[in-house]
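Please have the sequence and the coordinates open while reading.

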Amino acid sequence: MSKAVEAVVNPPAEQKLSGLALYSRFAFAGAVCCGVTHGALTPVDVVKTRIQLDPAKYNKGLIGGFKQVVQSEGAGALLTGFGPTAAGYFLQGAFKFGGYELFKQQAINILGYDTARENRTAVYLASSALAEFFADIALCPLEATRIRLVSQPDFASGLLSGFSKIFKNEGIGAFYSGFGPILFKQVPYTMAKFVVYEKVSEMVYSKIDKSTLSDGAQTGVNLGAGLVAGMAAAVVSQPADTMLSKINKTKGLPGEGTTSRLIKIAKELGIRGSYTGLGARLFMVGTLTAGQFAIYGDIKKALGAVGGVEIGK
């Protein structure tokens with residue numbers, strides 16, 4: 001590797017990056033952490049989605065659901081939707097993590113460091129909500145394809161064929177029929193995820209000097225804070241996740257709008273039905289969020305993305 005290229009990939013520790021050089025690294029780290037974790041948990045997502053869509057059949061919990069899917073469709077069915085899952089969340093992760101860091105910095109620039117620090121919870125909430133909005137524009141078409149593949153195993157053979165079939169038969173609007181519920185799910189989820197992560201990390205580092213911790217210990221903090229954040233976010237967003245699975249299962253009736261479909265689904269589900277599959281999702285979201293923050297932190301350090309401003313006390 002040439003010295004010039006090496007300097008870009010691995011800048012000196014004292015060098016503070018800014019602008020595109022910094023935020024592209026945040027985005028890449030976010031893309032990798034989300035793509036890897038969501039892709040790895042595709043089997044759990046398959047079972048979770050089946051429980052949500054057909055609770056009468058898949059009524060034996062997460063472990064029982066795994067056994068039912070394998071027995072009826074074979075082990076390969078657990079990887080249904082892997083393509084759109086990995087691709088969709090790779091894109092979403094870039095916008096989510098990169099956008100969060102960008103909007104947080106913009107808030108600091110507008111409010112001033114001291115004001116932003118005193119109102120950091122509001123800064124975390126607003127930054128994560130804005131980042132997630134743009135991330136969902138990228139995610140929605142691939143998430144719609146994933147859910148169709150999981151709910152209708154014979155619909156298509158994979159990402160490209162499924163995406164093409166939906167586009168050809170139903171038009172581009174079908175990819176965004178779930179945009180409302182995905183926002184309703186992902187925005188509160190991401191807000192809870194980042195705020196809880198920041199607060200847990202802040203609590204830990206108020207007791208321990210971060211500079212005295214090894215890289216491994218810092219990764220452990222990221223894992224623990226991410227686990228707590230993921231579980232909190234899963235509970236907050238579970239009703240919308242169930243509705244998203246339902247609305248993407250099949251196309252709507254002629255003349256039936258997204259809003260009317262959502263109202264009908266909400267009435268059918270009720271409060272209890274909205275939390276169908278929560279156990280599987282707590283495990284899935286807690287695990288993947290812990291992994292995301294651990295991977296994100298490690299990749300940022302490896303890429304020298306150390307120019308961000310922290311406002312935690």
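A network of salt bridges links E101, K104, E198, K300 and E310; a salt bridge here is a side-chain nitrogen of Lys or Arg within 4 Å of a carboxyl oxygen of Asp or Glu. The model is predicted, so local features need pLDDT of at least 70 and side-chain atom pairs count only at pLDDT 80 or more, while totals for chains, interfaces and linings use all residues. Residues are numbered from 1 along each chain as its sequence is written, and side-chain values use heavy atoms, with hydrogens and water left out.

**Salt bridges**

- The structure holds 13 salt bridges.
- E101 counts as buried because its relative accessibility is 8%; buried means under 20% relative accessible area, exposed over 50% and partly exposed in between, with a 1.4 Å probe and protein chains only.
- K104 also counts as buried, at 2% relative accessibility.
- D45 forms a salt bridge with R146, and their closest N and O atoms are 3.0 Å apart.
- Since D45 lies in helix α3 (residues 42-53) and R146 in helix α7, this pair ties together parts that are 101 residues apart in sequence.
- Both D45 and R146 are buried.
- E202 pairs with R120 in a salt bridge whose closest N and O atoms are 2.8 Å apart.
- E202 lies in helix α9 and R120 in helix α7, so the pair ties together parts that are 82 residues apart in sequence.
- E202 and R120 are both buried.

**Helix packing**

- Two packed helices are described by the angle between their axes and the distance between the axes.
- The axes of α7 (residues 120-151) and α9 (residues 179-207) come within 8 Å and cross at roughly 140 degrees; axes are lines fitted to C-alpha atoms, for helices over the stretch in contact, and angles run from 0 to 180 degrees between N-to-C directions.
- α7 and α9 are therefore oblique to each other: angles under 35 degrees count as roughly parallel, over 145 as roughly antiparallel, 65 to 115 as roughly perpendicular and the rest as oblique.
- The contact of α7 with α9 has 14 nonpolar, 4 polar and 8 charged residues; Ala, Val, Leu, Ile, Met, Phe, Trp, Tyr, Cys and Pro count as nonpolar, Asp, Glu, Lys and Arg as charged, and the others, Gly among them, as polar.
- The axes of α5 and α9 come within 13 Å and cross at roughly 55 degrees.
- α5 and α9 are therefore oblique to each other, and their crossing is right-handed.

**Cysteines**

- The structure holds 0 disulfides, a disulfide being a pair of cysteine sulfur atoms within 2.5 Å.
- C33 is in no disulfide, and the nearest cysteine sulfur is that of C34.
- The sulfur of C34 is 4.0 Å from that of C33, too far for a bond.
- C33 is buried, with a relative accessible area of 0%.
- C34 is buried, with a relative accessible area of 0%.

Methods: Helix = DSSP H or I, 4+ residues; strand = E, 2+ residues; numbered from the N terminus. Left-handed = near helix turned anticlockwise from the far one by under 90°.
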